[in-house]
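Subject: Structure handover

Hello,

Please find the structure below, followed by notes on what was found in it.

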Amino acid sequence: MASAKSTFLLCLLLFLLLVSTATATYCTSLPETQEVCSRSLLPGQYYCSPPSIDTDTQSVSGCRPNGTVLLPCYAAPNVTCTGANVSSVNDFDEVVFCKEETCRYVNGRRYNYFVAVGLSLFLGMFGIDRFYLGYPAIGLLKLCTVGFFFIGQLVDFLLIAVQAVGPADQSEYYGAFYGPLLMQANTTDPYLEISDSPCV
């Protein structure tokens, strides 16, 4: 009787050990956690929080100068990645890795696309469009030459209208979220590069 009970307990212990190793990915440090968990968790085993939209700029809040935002990703129920950074969003949720998504980086000055096009159309001969976008040297040259004798005004208007010329600080125009703004399509695999920084 005692041996049957000990055999049952041993089998139960082995079963629980197999189940726990099958559903958990063990990691040690946060950068390793992000890399191991992002590579090991399959779609459906984790979910990521959607980015918040800034109402003033109509772009993603927390967008970094490289055009990406870090989204915290959580393990699905009954799927764990041990050693991850514990999140304070919910008591039972833990951030297992941070996923990079592309976004429109809008700097503090917030250059409006429609203002830039309007300035280029009506005041481009005086270089006001280039002054607005942060190119004072070209703006001064256009001011002194009446917009390169109106040819430079036409060229600048076309370049700004198709968004080939943007703000000098490498940020992007802001406007309506679903407005006529270009969005760069990146083909980078999120599983190839994982940021070492935890989600902010």
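Is Glu100 buried, partly exposed or exposed? Glu100 has a relative accessible area of 27%, so it is partly exposed. Here buried means under 20% relative accessible area, exposed means over 50%, and partly exposed is in between, with a 1.4 Å probe and protein chains only.

Before the rest, some notes on the source. This is a predicted model, in which local features need pLDDT of at least 70 and side-chain atom pairs count only at pLDDT 80 or more, while totals for chains, interfaces and linings use all residues. Residues are numbered from 1 along each chain as its sequence is written, and side-chain values use heavy atoms, with hydrogens and water left out.

Overall layout

The chain holds 7 helices and 6 strands. Helices (H or I, at least four residues) and strands (E, at least two) are DSSP runs, numbered from the N terminus. Read from the N terminus, the order of elements is α-β-α-β-β-β-β-β-α-α-α-α-α. The chain has 200 residues, of which 34% count as buried. Among contacts (heavy atoms within 4.5 Å) between residues at least 6 apart in sequence, 65% join residues at least 24 apart.

Salt bridges

A search of the whole structure gives 5 salt bridges, each being a side-chain nitrogen of Lys or Arg within 4 Å of a carboxyl oxygen of Asp or Glu. In one of them, the side chain of Glu100 meets that of Arg64 at 2.9 Å, N to O. This pair links distant parts of the chain, with Glu100 in strand 6 and Arg64 in the loop between strand 2 (46–48) and strand 3, 36 residues apart. Arg64 has 23% relative accessibility and therefore counts as partly exposed.

Lys99 and Glu101 form another salt bridge, with their closest N and O atoms 3.8 Å apart. Lys99 is partly exposed because its relative accessible area is 21%, and Glu101, at 31% relative accessibility, is partly exposed as well.

Lys142 pairs with Asp156 in a salt bridge whose closest N and O atoms are 2.8 Å apart. Lys142 is in helix 5 and Asp156 in helix 7 (residues 151–161), so this pair too links distant parts of the chain, 14 residues apart. Both Lys142 and Asp156 are buried. Salt bridges that share partners join Asp129, Arg130, Lys142 and Asp156 into one network.

Nonpolar cores

Which residues make up the largest nonpolar core? There are 10 residues in all: Tyr111, Tyr113, Ala116, Val117, Leu119, Tyr132, Leu133, Ile160, Val165 and Tyr173. A nonpolar core is a set of buried Ala, Val, Leu, Ile, Met, Phe, Trp, Tyr and Cys residues joined through side-chain atoms within 4.5 Å. Helix 3 and helix 4 are the elements that give two or more residues to this core, and helix 3 gives the most, with 4 residues. Leaving aside neighbours within four places in sequence, Ala116 is in contact with Asp129, Tyr132, Leu133, Ile160 and Tyr173. Apart from this core lies another, of 8 residues, among them Leu41, Cys73, Ala75 and Val79.

Asn112 is in the loop between strand 6 (94–102) and helix 3 (113–123). With a relative accessible area of 17%, Asn112 is buried. Its contacts, again leaving aside neighbours within four places in sequence, are Tyr132, Tyr173 and Tyr174.

Surface

A nonpolar surface patch of about 710 Å² is made by Leu121, Phe122, Leu123, Phe126, Ile128, Phe131, Leu140 and Leu143. Helix 3, helix 4 (128–133) and helix 5 (136–144) each give two or more residues to the patch, and helix 3 gives the most, with 3 residues. Patches are made of residues with over 30% relative accessible area and no salt bridge; like charges are joined within 9 Å, and nonpolar side chains (Val, Leu, Ile, Met, Phe, Trp, Tyr) within 5 Å. Phe126 is in the loop between helix 3 and helix 4, and is partly exposed at 38% relative accessibility.

Pro77 is in the loop between strand 3 (68–75) and strand 4 (80–82). Pro77 is exposed, as its relative accessible area is 69%.

Regards

Notes. Areas by Shrake-Rupley, 256 points an atom, 1.4 Å probe, with all protein chains shown as cover.
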